[in-house]
Each structure stands twice: as C-alpha cells, then as structure tokens.
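Q: Hey, I've just opened this one and I'm new to it. Can we walk through a few spots together?

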Amino acid sequence: MTELTYTKGFINCTRDELTETVKQALSDERFAHCQRVEATAIQLAEQHHEDVERASIGGLLHDYAKESKRAELEKYCDHPDYKQEWQNWGRAIWHGPLAAMKAQRHLGLTDEEIYWAIYDHTVGTFHWTPTAKIIAIADYIEPERDFPGVDEVRHLAMHSLDDAIAFKLKHELAYLIDAEKPVYPQTFAVYNYWQQTHQKG
C-alpha cells in the first residue's frame, strides 16, 4: 500500500500519529485487525472512487474503543450523541459510538462522515454515506474473516457497495437470531429500512 499522507484536515494528526495512538489503545491482535480493516477500506475506496483518506481514518479508528471499560463510556454521558440505553448492552454495541466520541474529543476528528461511519458501524444506520458503507464492509470482509459466504460478499463488495451492505445486514441478523442472541433494536430497524428503500424491481 502506498504511504498515505493526511492533507484534508479531517483529523488533527498524521497517519503515523493516529496509527500509534490506536496501537497504544489495543492489544496486538485487535490492532492488527484495525490495520487490515484500514487496508481493505482503502482498497474499496479506490475501487469505488471514494475518499481514500476518510477510508484510512475510519478503518484505523473503528475499533479504537473495542477494549475500553464501561467506566470510560460513562465519562461521555454529557456528550450529545451519548445514549443511556447503552448501559443495557455490551461493548459489542457501544464500542463504535465510544470510538467516535473519543476521536472527536481527543484526536481532533472533525469530519462528520468519518465520525458517523465509526459511530454506526456496530449497528447500522439509516444514512449510509459512502464512508459508512466502506467501513462496515471492510470490517466484515477483512482478510482474516472466515465465515460461510465470505468469498461471495468480497466479490460483491468489489462491484457494488450496496449489494455488499444488503448481504451483511441479512446474514448478520440471521446469525444473531440463529445463535439466540439479543438483537439491538436499531439493527432490526435498519434492516427493515434497507429492505423498504432498496427493493429491486
């Protein structure tokens, strides 16, 4: 991958500084995942002629809070985007929002598209910007992912971000139901909204 330099003012740090900050916040395994997601996101952005810098920042930061404690989440209770309902859910739900809020407050993240892509990558969104699609898909298909259908969705992602999102929404919801795991209400709502607004034919 060509060395990428941040020049657009989306965040108040260099790529090297951001990479080191994320590395210090995570285990080696989780950091390596973030690096793979960044590389996949850049590849998708290039393929679909979207913003590579946004893809890089979002990919690195999407799991920035994946190993944070609930006590850290509670420090953001005064943030306008904080939701009290997160107290009833685990880190799998709130690590995206917390990562976005942390990056905004402490790393100088100013770009709204990147912010919401990170924030919503765990449960989906009703406002799928190109960056939101790219981060969600890159997290889903990065090279170490291995699940039935992963090669299919990787192929879809190179041709249509929408088709890849449709696959992800359907199969992740089916997985949660089959595993008898609770489904965050917004995830159901996003799936229904997508089906209603992207009907073919």
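Q: Let's start with Tyr115: buried or exposed?
A: Tyr115 is buried, since its relative accessible area is 2% and anything under 20% counts as buried. Keep in mind that this is a predicted model.

Q: And what about Trp116, how does that one count?
A: Trp116 counts as partly exposed, because its relative accessibility is 32%, which falls between the 20% and 50% cut-offs.

Q: OK, on to helices. At what angle do H6 and H7 cross?
A: Roughly 35°, and the axes of H6 (residues 112–120) and H7 come within 8 Å. The crossing of H6 and H7 is right-handed.

Q: Which residues make that contact?
A: From H6 you have Glu113, Ile114 and Ala117, and from H7 there are Pro130, Thr131, Ala132 and Ile135. Sorted by class, the contact between H6 and H7 has five nonpolar residues, one polar and one charged.

Q: How do H3 and H6 pack?
A: H3 (residues 52–61) packs with H6 at an angle of about 35°, their axes being 9 Å apart. H3 and H6 also make a right-handed crossing.

Q: Who's touching whom there?
A: Arg54, Ile57, Gly58 and Leu61 of H3 meet Glu113, Ile114 and Ile118 of H6. The contact of H3 with H6 splits into four nonpolar, one polar and two charged residues.

Q: Changing topic: where does Glu142 sit?
A: Glu142 lies in the loop between helix H7 (130–141) and helix H8 (150–159).

Q: Is Glu142 buried or exposed?
A: Buried: Glu142 has a relative accessible area of 2%, and the cut-off for buried is under 20%.

Q: What does the side chain of Glu142 reach?
A: The Glu142 side chain reaches the backbone nitrogen of Glu144, at 2.7 Å.

Q: And which residues is Glu142 in contact with, leaving aside neighbours within four places in sequence?
A: Those would be His33, Arg36, Val37, Thr40 and Arg154.

Technical notes: Residues numbered from 1 in each chain as written. Predicted model: local features only at pLDDT ≥ 70, side-chain atom pairs only at ≥ 80, totals over all residues. Heavy atoms only, no water. Helix = DSSP H or I, 4+ residues; strand = E, 2+ residues; numbered from the N terminus. Buried < 20%, exposed > 50% of the residue type's maximum accessible area, 1.4 Å probe, protein only. Polar contact = N/O pair within 3.5 Å; in protein donor to acceptor, adjacent residues only side chain to side chain. Contact = heavy atoms within 4.5 Å. Axes fitted to C-alpha atoms, helices over the stretch in contact; angles between N-to-C directions. Left-handed = near helix turned anticlockwise from the far one by under 90°. Nonpolar A, V, L, I, M, F, W, Y, C, P; charged D, E, K, R; others polar.
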